[in-house]
Amino acid sequence: MIKRVVADEVLQKLKLMLVASQKIVITCHVSPDGDAVGSSLCLMHVLRKWGKQANVITPDMLPPSLTFLPGVRDIVVYTRQELMAKHLVNEADLIVCLDFNAPYRVDRFAPVLTSAKAKKVLIDHHLEPENFTDLQISFPEMSSTCELLYHVIYFMGMKRYMSRWSATCLYTGMMTDTGNFTYNSNNPDLYVIISELLKWGIDKEHIYNVVMNTNSANRLRLLGYALSEKMELFPEVGGALITLGHEELIKYSYQRGDTENLVNRPLTIPGIYWSIFLRDDQEYIKVSTRSVGDLAVNEWCEKYFNGGGHKNAAGGEFRGSLEECKSIVYEIVESLKKENKNE
Ligand code: 5GP
Ligand code: MN
């Protein structure tokens, strides 16, 4: 039995909203990851089993590593099927927002979401959620939205609507948001949940291999190149920086998801406790930051990179050139050096 975290009255409110709704849209953040897609598809399966018309809209395309998830063919991708997505939103009684904390995180889908007449619910684990929904279930201490969603389903008494499909989706998000249960994963209840999911027949070895242990040849070469040629270390301040320009991405036939986890690699070097990865996506510079320990990289992302996130894993979108973005990182390095001297 897992510990109750979400207040009963909140779950009662959610249950009433679900009971009152027939057409339900589920959505998640742009560049959806395992937790975003996993939680969305899990809830879709659960609600469909309950007899609801549930549909998932993602703001943009999924990475290929997630296309094995059950139900993925039913996903409406906003950038590809805008009219269909708008139709579903117009018809919806309820919209469930999963794994994001503010409308801008759904990118171009944001105006459609915010102007929808349907009631809205947020179920999320990011810090400082904005108040844009009728009901907010926000628990930043949860390691993933999938973990939180399990609590919601379990304590709403909806476990009977779970299945192997929904359990597979849920496990995927719990696994990806904890780096296969390496970080943010000391809560014993996490393993109680996994043991429940295993009873629904999930194949955790298969899920791990498809999502986290499969590479194209190009991806392996890109990662090798990035680490051997493009990693700068700042040992005096325990930092690392990797950058990939647009030409370099083209050279290695970059596919969405190829640089996933790259930012974490420098942290495996003893003495390196923060890492930044910059990728030139042309529209903007995608910034990924990670740290171990007390250093709050989300503060850097908020201050310099138009983003945010968690203390040890954050990101942003920098509007400017790769060189400009790099100089900001060098400034951070210089200020850390100064801080060291003053201590
Ligand atoms: P990643 O580096 O894997 O893209 O993102 C790590 C975490 O940083 C995400 O889970 C999310 O919380 C946060 N994050 C990434 N990109 C952005 C962004 O553009 N804006 C904000 N607010 N958070 C972001
Ligand atoms: Mn998440």
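Biologist: Which element gives the most to the shell around ligand 1?

Modeller: In this predicted model, β12 does, with five residues.

Biologist: What makes the pairing of S288 with ligand 1 a polar contact?

Modeller: A polar side-chain atom of S288 lies 2.6 Å from an oxygen atom of ligand 1. The cut-off for a pair of N or O atoms is 3.5 Å. So the S288 pair, at 2.6 Å, counts as a polar contact.

Biologist: What of H126 and ligand 1?

Modeller: An N or O atom in the H126 side chain is 3.0 Å from an oxygen atom of ligand 1. That is within 3.5 Å, so this pair counts too.

Biologist: How much of ligand 1 does the protein cover?

Modeller: The protein covers 83% of the 490 Å² of accessible area that ligand 1 has on its own.

Biologist: Which residues coordinate the manganese ion (ligand 2)?

Modeller: D35 (OD), D99 (OD), H125 (NE2) and D177 (OD) do, at 2.2 to 2.4 Å. Donors must lie within 2.8 Å of the metal, so these atoms qualify.

Biologist: Why is the pair H125 and D177 said to tie parts together?

Modeller: H125 lies in the loop between β5 (119–124) and β6 (135–138), and D177 in the loop between α6 (164–176) and α7 (188–199). The pair therefore ties together parts 52 residues apart in sequence.

Biologist: Why is D177 called buried?

Modeller: Its relative accessibility is 16%. Buried means under 20%, so D177 counts as buried. H125, at 2%, is buried as well.

Definitions and conventions: Residues numbered from 1 in each chain as written. Chains lettered and ligands numbered in written order. Predicted model: local features only at pLDDT ≥ 70, side-chain atom pairs only at ≥ 80, totals over all residues. Heavy atoms only, no water. Polar contact = N/O pair within 3.5 Å; in protein donor to acceptor, adjacent residues only side chain to side chain. Areas by Shrake-Rupley, 256 points an atom, 1.4 Å probe, with all protein chains shown as cover. Helix = DSSP H or I, 4+ residues; strand = E, 2+ residues; numbered from the N terminus. Donors = N, O, S within 2.8 Å, 3.2 Å for Na, K, Ca; no water. Buried < 20%, exposed > 50% of the residue type's maximum accessible area, 1.4 Å probe, protein only.
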